[in-house]
Amino acid sequence: MQEFNSSSYINDVMSSYFNINYSQPKAENACYKWVYDTSIFELTVVSEMDLVCDKKMYRAHSSMMYMVGYLVGVISMGILSDKIGRKNSYFISLVLITISAIITAWVPDFLLYVALQLLTGFADAGLFLSFYSLVIELVGPSKRAMMGAATHIMWVVGITLLCGIAFFIRHWRHLKMAISFPFVPLLVVWWFIPESPRWLMSKGRYDEAKVILKQMATFNGKDMPEMVQLSLKPGEKKTQIWHIFSTCGMAVRTIIVFLNWMMVSMLFYGLTLSVENLGGNMYLNFLIFCVQEAICYIISFVLMNKVGRKTFHCSQMLMGGIACVATIFPVIFARKSLQWLTTTLAVIGRFGAAAAFATIYIFTSELYPTVIRNSALGASSMWARIGALIAPYIAELSNVVEGDFGKALPLIIFGGSAVGAGLLALFLPETANTKLPEKLEDAKEIGRKSKDKRYSEDVQEAQLSMLKSNSNENRLQETAFR
């Protein structure tokens, strides 16, 4: 029986091939060969490399190496992207993941396999972060939510295609080749993807930025926009990643952002824990989750602009956290009789977690300036991976603490942490329909403008109230003199 893992990371999808059960032959003499169930898969990494019994932990080592590579990648490729450009770092990552993915299909042993998992995780991080920043920086304020959601939707389309390909290809090497070779044609898009004009201007490369902006204006049937001077003034220090802690306000903002990335990742794990085995057809289950996630991103795009980033993000964190905590009751008291309720709560919670993830991506992009935007995204994503690494240890508390409280404790921590982080997000400045900050000072102004706007609205409301009061007094005086 194949267990279904509902996590939305592509690496976890591939790891589902590691979860196949094996049967140990009843041999009277010493065992010299394993016999595997091939009714679902023709050949897996587990069955080919005999990752069972004393080698069972090797499966965890493989996933861990991917996560380690991703952790290193989000930081190093994020910083590199801010130094050499979005386009350059994207194609470096694309070349690395193409090489590592194709070679993985022919690896002869487990040691080389995990080494390539490390490289794949590293390249995967740089690939998504660089492209996401490039997409966000190429559009105006009113289109950022749409493009952010579109990026996530295309990711869902990709893993849906993976599900379909995996249904027909049950040999892990053949599957790996089928999903790796399509990377090769992508290399030709080098000649079609522009560099971010915002990044070019932040580096003082105005002539190159002007060419790209002129092409964009011509394509859109618009006049050429006026060039904005963003180069560093004489004696002005270059902005580095650690400047996100340069002031008290920026430090508090960054800590809240990091906590939200970490907690939403843990929430995903907690919801997976509550429905770790849905039963039925694993491919159909996975397809259902893909459709749900696509719908989630479409709704997120619509509501992010209407209610604002922080309000929508907070509401989704609360929904996901409360749903996670609520699964305690059917898990403890109803056991199998209310499995449908557990599944329903998990689907609702996962919807909230996915929406929160989509929002925090674009929210973070809008809170930090162009000069360190990718570095800030990378640092934030690092905390999400740390959350994913901590989550299994929190889940193990159910084996350490006895009784029903032990079963409930991990879900309380996962859900409660999400609720707390979501409420903290209300202290972040709103960024919906605002201009992307280019320099560190611009990012600092976001919070100040929010306070000034609220103060101005309060003053206007007070003045309006006084005018109404004076008007009423005048009417009373006129009535008295009559």
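This is a predicted model: local features need pLDDT of at least 70, side-chain atom pairs count only at pLDDT 80 or more; totals for chains, interfaces and linings use all residues.

Me: Why are H6 and H15 called oblique to each other?

Reply: The axes of H6 (residues 144-168) and H15 (residues 339-367) come within 10 Å and cross at roughly 135°. Angles under 35 degrees count as roughly parallel, over 145 as roughly antiparallel, 65 to 115 as roughly perpendicular and the rest as oblique, and H6 and H15 are therefore oblique. The axes are lines fitted to C-alpha atoms, for helices over the stretch in contact, and the angles run from 0 to 180 degrees between N-to-C directions. The helices themselves are DSSP runs (H or I, at least four residues), numbered from the N terminus.

Me: What makes H4 and H5 roughly antiparallel to each other?

Reply: The axes of H4 (residues 86-104) and H5 (residues 110-137) come within 8 Å and cross at roughly 150°, and the two helices are therefore roughly antiparallel. By class, their contact has 13 nonpolar, eight polar and three charged residues, where Ala, Val, Leu, Ile, Met, Phe, Trp, Tyr, Cys and Pro count as nonpolar, Asp, Glu, Lys and Arg as charged, and the others, Gly among them, as polar. H4 passes H5 in a left-handed crossing.

Me: What makes the aromatic pair of Tyr90 and Phe131 tilted?

Reply: A search of the whole structure finds 18 aromatic pairs, and in the one formed by Tyr90 and Phe131 the rings are 5.5 Å centre to centre, with 40° between the planes. Rings of Phe, Tyr and Trp (its six-membered ring) pair if their centres lie within 6.5 Å, and planes under 30 degrees apart count as stacked, over 60 as edge-to-face and the rest as tilted. The pair joins Tyr90 in H4 to Phe131 in H5, 41 residues apart.

Me: How do you know that Tyr90 counts as buried?

Reply: Buried means under 20% relative accessible area, exposed over 50% and partly exposed in between (1.4 Å probe, protein chains only). Tyr90, at 10% relative accessibility, therefore counts as buried, whereas Phe131, with 31%, is partly exposed.

Me: Why is the pair of Phe91 and Trp190 called edge-to-face?

Reply: The ring centres of Phe91 and Trp190 are 4.9 Å apart and their planes stand at 80°, so the pair is edge-to-face. Phe91 lies in H4 and Trp190 in the loop between helix H8 (183-186) and helix H9 (197-202), 99 residues apart. Phe91 is buried, with a relative accessible area of 6%, while Trp190 is partly exposed at 31%.

Me: How do you know that Lys87 lies over the face of Trp190?

Reply: A charge sits over a ring if NZ of Lys or CZ of Arg is within 6 Å of the ring centre and within 35 degrees of the ring normal. Lys87 lies over the face of Trp190 at 4.4 Å from the ring centre, and Arg170 lies over the face of Phe167 at 5.1 Å from the ring centre.

Note on methods. Residues are numbered from 1 along each chain as its sequence is written. Side-chain values use heavy atoms; hydrogens and water are left out. A crossing is left-handed if the near helix is turned anticlockwise from the far one by less than a right angle, and right-handed if clockwise.
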